[in-house]
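Subject: Structure handover

Hello,

Please find the structure below, with the sequence. My notes on it follow.

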Amino acid sequence: MASILVTSTLPGDGKSVVAAGIAAALRATGATVRLERVGDSDSASADAVQLSQVNGVRSSGQPVAPTDIAFDTDHVVIEAGDASGIEGDRTVLVTRHGEADDDTVARALESLAPDLVVINAVPQYGDAEAIARVSGMGASTASAVCALPQDRHLAAPTVNDIAPAIEGALSGDEALFDESSRDLVIGPVSAHEGMDYFRKYPDKTLVTRHDRIDIALGALDYEPLCLILAGGEPTLPYVAQRAERESFALITTSMSTLEAVEAIGELYGRAAFVGRRKLHTAIDLVGSAVSLNPLT
């Protein structure tokens, strides 16, 4: 049995994303895995629920004390914001690109001596520079350093985040309210031109005027996660009726399209790691970018 501690330099650096991805990757090798969240905050509770949805791993589904963790599997992955008092056979330090200052990262490297450092949300083509920067702060030659690229889906707000931000009324499939989509798409000028446009963005939330029912109905044929009707209530009840029986969320707001898009834009990058869609994205992202060799 091996225990792996996953912690971070700052809250919100993405340790839940990394912990979920590592646990899923270990499970894919055929090993048994337990995945637990240590802490007593509201965010720890939300993290524990999210981590419990990783297929094939054992998890309490709620935060646990370090002394209550069951070491009953081949690997135990422990996510903790405060690593003091928790000892793992291996340690993973997660730091978000551009967030913690150099001194904070250097102190974390010195105190934890991590086996693996994961730099999260690295801009495109910035991997080599980010890895060299962290390595130069004191990551030992025995440590592995890797970079996770920025991901639009992980940065995206959920439907539940969007509705209050645009003062909207929310209806439709409640199972989608804690989910998010990769792209925020503004409705085109005409429904005819929209077909190829909608097809180009398979995972989307669409914003269009409430009186452009042709645009809204055309988009529904391409299964958006969420349809946002701006400027008021729909002129026909048909869209709301479809939301009651089909798998999409519907938000109606009195804001204009521009106002709604600007308000939603403010939510990006501050969204929580919740929902099965984000979980699957995280597992794929970590699985492709992080080697298990330093941990196994």
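In what order do the 6 strands of the open sheet stand? The order is E2-E3-E1-E4-E5-E6, and the pairing is parallel. Please keep in mind that this is a predicted model.

The sheet

The edge positions belong to E2 and E6; each has a single partner strand, so one side of each is left without a neighbour in the sheet. On average, neighbouring strands are turned by 20° against each other, with direction ignored. Between E1 and strand E3 (residues 75–80) there are 5 bridges, and the two run parallel. In this pair, Ala 2 stands opposite His 75 of E3. Helix H2 (residues 42–51) lies across E2 and E3, and its direction is at about 165° to that of E2.

The cores

The largest nonpolar core contains 31 residues. Val 6, Val 18, Ile 22, Leu 35, Val 77, Val 92 and Val 118 have the most contacts inside it. At least two residues of this core come from each of strands E1 (2–8), E2 (33–38), E4 (90–96), E5 (116–122) and E6 (144–149), and likewise from each of helices H1 (15–28) and H11 (276–289). H1 gives the most, with 8 residues.

Val 18 shows how these parts meet. Leaving aside residues up to four places away in sequence, Val 18 touches Val 6, Val 92, Val 94, Val 118, Leu 148 and Val 286.

Which residues of E8 are on the covered face, and which on the uncovered one? Asp 183 and Val 185 make up the covered face, Leu 184 and Ile 186 the uncovered one.

Cysteines

Are Cys 146 and Cys 226 buried or exposed? The cut-off for buried is under 20% relative accessible area. Cys 146 has a relative accessible area of 10%, so Cys 146 counts as buried. Cys 226 has 0% and is therefore buried as well. The count of disulfides is 0.

Regards

Conventions: Residues are numbered from 1 along each chain as its sequence is written. This is a predicted model: local features need pLDDT of at least 70, side-chain atom pairs count only at pLDDT 80 or more; totals for chains, interfaces and linings use all residues. Side-chain values use heavy atoms; hydrogens and water are left out. A nonpolar core is a set of buried Ala, Val, Leu, Ile, Met, Phe, Trp, Tyr and Cys residues joined through side-chain atoms within 4.5 Å. Buried means under 20% relative accessible area, exposed over 50%, partly exposed in between (1.4 Å probe, protein chains only). Helices (H or I, at least four residues) and strands (E, at least two) are DSSP runs, numbered from the N terminus. Contact means heavy atoms within 4.5 Å. Two strands pair if DSSP finds at least two bridges between them. Axes are lines fitted to C-alpha atoms, for helices over the stretch in contact, and angles run from 0 to 180 degrees between N-to-C directions. A disulfide is a pair of cysteine sulfur atoms within 2.5 Å.
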